[in-house]
Amino acid sequence: IDAKGLLAIPGLVDVHSHGAVGHDFCDGTHESIDAITRYEASRGVTAWCGTTMTFPEGKLAGIMECAAEHVDAPDAAALVGINMEGPFISPEKVGAQNPAYVQQCNAAMFCRLQNASGGKIKLVDIAPEEPGALEFVDEMHDDVRISVAHTCANYDQAAEAFRRGAKHVTHLYNAMPGLHHRKPGVIPAALEAGATPEIIADGVHIHPAMVRFTFNTFGDDRVCLIADSAMSCGLPDGQYSLGGQAITVKGPRATLTEHPDTIAGSNTCLYDCMKRAVLEMNVPLESAVRAASETPAKSIGVDNDYGSLAAGRYGNVILADKELNIKAVIQKGNRIV
């Protein structure tokens, strides 16, 4: 393939995405997974974690079983894992999750869901201040990467969760207390513990200065760029759903229809978040690429196959011009775009 004058970028790895092009991972159907992963691959995401919302165990079990049965299409992103965002979160910080189904951490329930998924759950979210959460971390941290999320935790509570084995933070700054000089909260606790924070660089969730602050503070070897995209990603403005709740999309912003001040996922794919971080937020190209490929791949343990152009990895490559417009996508050695 003649790539003269183009950049060669590793295929991206999105560890937190709910859906795209009118489909949601929580539909629990092969049709939806196929549609989402084909769209993701067309946008340079060659490895993808389907992300669940807060639902009852029965609904989640069906989603897990579908994922376990899924066979990757040759022109689609590989389903490399599942990010279990709910239901073990704080009822005070539900964000766009459905509060009716929030519950305390339950290791037995998690193990049942992990078995149903065929071991595909790579990330599970917890609010460390909730009853039973720290005990869950004690019991499960060797079996799955635990992420602090949708939480009211103070610094001490967050630091204790990280000390016991949590290693990740879901969409840093969103659905958690902000950074305050007398009430430091989750953010410095994560920094001191060496945790990997997710950030959404869609221009809606986080101010560009805070995106730069996060890269400068945590480093691109720890920051994981994510899309957190809803089913509206890749489609026009309008009415959609996320986690069973109605959302309204206008431009890059998606909000709960009944609570328009609540952001409900994003309307931007990971490639466009990475591109925006470089072109609009002054994040160095190398840092943004690493945060969208190698670092997330390492965070879920798939970096032997994905996330870099090193020898021995799959031949997953994006060719882009200097303005980061995609010119080709190669998935496992085959050009698909």
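Me: Which cysteine sulfur is closest to that of Cys152, and how far away is it?
Reply: The model is predicted, and the distances are computed from its atoms. A disulfide requires two cysteine sulfur atoms within 2.5 Å. The sulfur of Cys152 is too far from its closest counterpart for a bond, since that counterpart lies in Cys105, at 14 Å.

Me: Is Cys152 buried, partly exposed or exposed?
Reply: Buried residues fall under 20% relative accessible area and exposed ones over 50%. Cys152 has a relative accessibility of 33%, so the residue counts as partly exposed.

Me: How many disulfides does the whole structure contain, and how far is Cys49 from the nearest cysteine sulfur?
Reply: A search of the whole structure returns 0 disulfides. Cys49 is accordingly in none, and the nearest cysteine sulfur, in Cys224, is at a distance of 10 Å.

Me: Is Cys49 buried or exposed?
Reply: The cut-off for a buried residue is under 20% relative accessible area. Cys49 has a relative accessibility of 1%, so this cysteine counts as buried.

Me: In what order do the 8 strands of the open sheet lie, and which of them stand at the edges?
Reply: The pairing is parallel, and the order is β2-β5-β6-β7-β8-β9-β10-β11. An edge strand has a single partner, so one of its sides is left without a neighbour in the sheet; this holds for β2 (12–17) and β11 (224–225).

Me: Which residue of β5 is the bridge partner of Val13?
Reply: Strand β2 runs parallel to β5 (residues 45–52), and 4 bridges join the two. In β5, the partner of Val13 is Ala47.

Me: What angle does helix α2 make with β6, and what angle does helix α8 make with β2?
Reply: Helix α2 (residues 57–69) packs on the sheet and touches β5, β6 (78–84) and β7 (121–126); the angle between its direction and that of β6 is about 160°. Helix α8 (residues 270–279) lies across β2, β5 and β11, and its angle to β2 is about 110°.

Me: What span should α2 have, and how far apart are its end C-alpha atoms?
Reply: The expected span is 1.5 Å times one less than the number of residues. For the 13 residues of α2 this gives 18 Å, which agrees with the separation of the end C-alpha atoms, 18 Å.

Me: Which residues of α2 are buried, and what covers them?
Reply: The cover includes α1 (30–42), β5, β6, α3 (107–116) and β7. The buried residues of the helix are Leu60, Ala61, Ile63, Met64, Cys66 and Ala67.

Me: Which members of the largest nonpolar core touch the most other members?
Reply: This core has 92 residues. Beyond its neighbours within four places in sequence, Phe136 has contacts that include Phe88, Cys105, Phe110, Val124 and Ile146. Another core, of 13 residues, lies apart and has Ala47, Val80, Ile226 and Val302 among its members. In the largest core, the residues that touch the most other members are Phe136 and Leu225.

Me: How many residues of β17 are buried, and which residues in its two hairpins take a positive phi?
Reply: Strand β17 (residues 326–331) is mostly covered, with 5 of its 6 residues buried. It pairs in the antiparallel sense with β16 (residues 317–320) over 4 bridges, and 2 bridges join it, also antiparallel, to β18 (residues 334–335). In the β16 and β17 hairpin, with 5 residues between the strands, the positive phi is near 65° and belongs to Leu324. In the β17 and β18 hairpin, with 2 residues between the strands, phi is near 50° at Lys332.

Definitions and conventions:
Residues are numbered from 1 along each chain as its sequence is written. This is a predicted model: local features need pLDDT of at least 70, side-chain atom pairs count only at pLDDT 80 or more; totals for chains, interfaces and linings use all residues. Side-chain values use heavy atoms; hydrogens and water are left out. A nonpolar core is a set of buried Ala, Val, Leu, Ile, Met, Phe, Trp, Tyr and Cys residues joined through side-chain atoms within 4.5 Å. Buried means under 20% relative accessible area, exposed over 50%, partly exposed in between (1.4 Å probe, protein chains only). Contact means heavy atoms within 4.5 Å. Two strands pair if DSSP finds at least two bridges between them. Axes are lines fitted to C-alpha atoms, for helices over the stretch in contact, and angles run from 0 to 180 degrees between N-to-C directions.
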